[in-house]
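Please keep the model open while reading.

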Amino acid sequence: MARVLVGVKRVIDYAVKVRVKPDKTGVVTQGVKHSMNPFDEIAVEEAVKLKEKKLATEVIAVSVGPTQSQEVIRTALAMGADRGVHVEIPAAEYELLQPIHVSKILAKLALDEKADLVILGKQAIDDDANQTAQMTAAVLDWPQGTFCNKIEKTDAGLTITREIDGGLETIKTKTPAVLSADLRLNTPRYATLPNIMKAKKKPLKKVTAKDLGVDTSPRIEVVSVEDPPVRQAGATVADVDALVAKLKEGGHI
Ligand code: AMP
């Protein structure tokens with residue numbers, strides 16, 4: 001019977017058109033709709049399913065970030081997680097927080113909470129780092145199963161199907177382990193209104209990185225953030241010869 005720790009990150013909602021700050025130090029986050037990172041919804045769903053199948057005893061949702069991060073913990077609780085841990089990082093400091101810090105925090109919590117499984121999203125859609133699961137496994141010295149498409153419990157541990165370039169790979173691992181959820185692992189459930197109400201009463205503990213003994217000083221410095229190049233308008237050409245000439249002119253062929 002396993003205790004599962006799930007990482008839930010609050011990110012700018014996937015449907016929002018992200019704007020770069022005028023000083024190019026980052027993107028505008030104020031007054032912008034935020035939600036749970038979509039891959040984390042999949043991670044929560046998988047953990048809750050393990051509990052429903054009686055393969056897990058408890059699901060703990062962890063979010064590292066400013067006060068508002070509690071919103072995504074509440075969503076995870078409404079989806080079926082049992083309790084939450086909010087690792088509070090002041091907003092200004094959070095802008096400089098990097099996956100290595102989150103990994104060390106999650107690793108410490110995994111040990112403190114005696115977790116057998118850590119399930120994260122494969123990638124946060126804001127930093128696109130795809131580093132946290134891998135580094136969490138490294139810090140803990142636990143096996144990792146990244147980009148999970150299927151997770152099955154066996155007597156010896158877990159059989160995991162991973163999404164890899166052009167196909168699937170099946171691996172076996174013992175627990176404890178760190179896994180990351182890919183898009184096709186499952187379809188996350190919606191939090192229903194009664195469950196949102198119930199989630200308000202579920203326990204949510206607040207700690208700081210300092211309480212966990214994790215130094216959050218930045219390791220890297222963001223030099224600049226740029227908008228993607230504006231797409232040029234298309235043009236119509238009369239025939240194939242004109243198309244070939246245009247492509248040559250542009251240096252494309
Ligand atoms: P990344 O390595 O930044 O692409 O993030 C991969 C995954 O790590 C996310 O999908 C989350 O599950 C987890 N994670 C990253 N940052 C946080 C955070 N601040 N709080 C909780 N979980 C996080």
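Gly121 stands opposite Ala181 in S10. This is a predicted model, in which local features need pLDDT of at least 70 and side-chain atom pairs count only at pLDDT 80 or more, while totals for chains, interfaces and linings use all residues. Residues are numbered from 1 along each chain as its sequence is written, and side-chain values use heavy atoms, with hydrogens and water left out.

Strands here are DSSP runs of E with at least two residues, helices are runs of H or I with at least four, and both are numbered from the N terminus. Two strands pair if DSSP finds at least two bridges between them. Buried means under 20% relative accessible area, exposed means over 50%, and partly exposed lies in between (1.4 Å probe, protein chains only).

S6 covers residues 117–121. Because 5 of its 5 residues are buried, S6 is largely enclosed by the rest of the structure. Leu117, Ile119 and Gly121 point one way from S6, and Val118 and Leu120 point the other way. Strand S10 spans residues 177–181 and runs parallel to S6, with 5 bridges joining the two. Val118 has Val178 of S10 as its bridge partner.

S10 repeats the theme: 5 of its 5 residues are buried, so S10 is also largely enclosed by the rest of the structure. From S10, Ala177, Leu179 and Ala181 point one way, whereas Val178 and Ser180 point the other way. Strand S7 (residues 144–154) pairs with S10 as well, in the parallel sense, over 3 bridges. There, Gln144 has Val178 as its bridge partner.

S6 has another parallel partner in strand S1 (residues 2–7), with 3 bridges between them. Ile60 stands opposite Arg83 in S5. S5 (residues 83–88) is mostly covered, with 5 of its 6 residues buried.

| Strand pair | Bridges |
|---|---|
| S1 and S6 | 3 bridges |
| S6 and S10 | 5 bridges |
| S7 and S10 | 3 bridges |

Contact means heavy atoms within 4.5 Å. The contact lists below leave aside neighbours within four places in sequence.

Val62 is in strand S4, residues 56–65. Val62 counts as buried because its relative accessibility is 2%. Val62 is in contact with Leu5, Val6, Gly7, Val8, Val85, Val87, Leu106 and Leu109. Val62 and Leu120 are 58 residues apart in sequence, and their C-alpha atoms are 10.0 Å apart in space.

Thr161 belongs to strand S8 (residues 157–164). Its relative accessible area is 10%, so Thr161 is buried. Thr161 is in contact with Phe147, Cys148, Asn149, Lys150, Leu168, Glu169 and Thr170.

Lys33 sits in the loop between strand S2 (10–12) and strand S3 (34–36). Lys33 counts as exposed because its relative accessibility is 55%. Lys33 is in contact with Val11, Ile12, Asp13 and Val16. Lys33 and Val16 are 17 residues apart in sequence and 7.1 Å apart in space, C-alpha to C-alpha.

Asp239 caps the N-terminal end of H7, where a side-chain oxygen lies 3.3 Å from the backbone nitrogen of Asp241. Just after H7, Gly251 takes a positive phi of about 75°. Ile253 is in the segment after H7 (240–249). With a relative accessible area of 61%, Ile253 is exposed.

Accessible areas come from the Shrake-Rupley method with a 1.4 Å probe, and for residues only the protein chains shown count as cover.

## The whole chain

The protein chain has 7 helices and 11 strands. Its C-alpha trace spans about 70 × 40 × 40 Å along the principal axes. Of the 253 residues, 43% are buried. Among contacts between residues at least 6 apart in sequence, 72% join residues at least 24 apart. The accessible surface comes to about 14,600 Å², and 54% of that belongs to carbon and sulfur atoms.

Terms used:
Polar contact = N/O pair within 3.5 Å; in protein donor to acceptor, adjacent residues only side chain to side chain.
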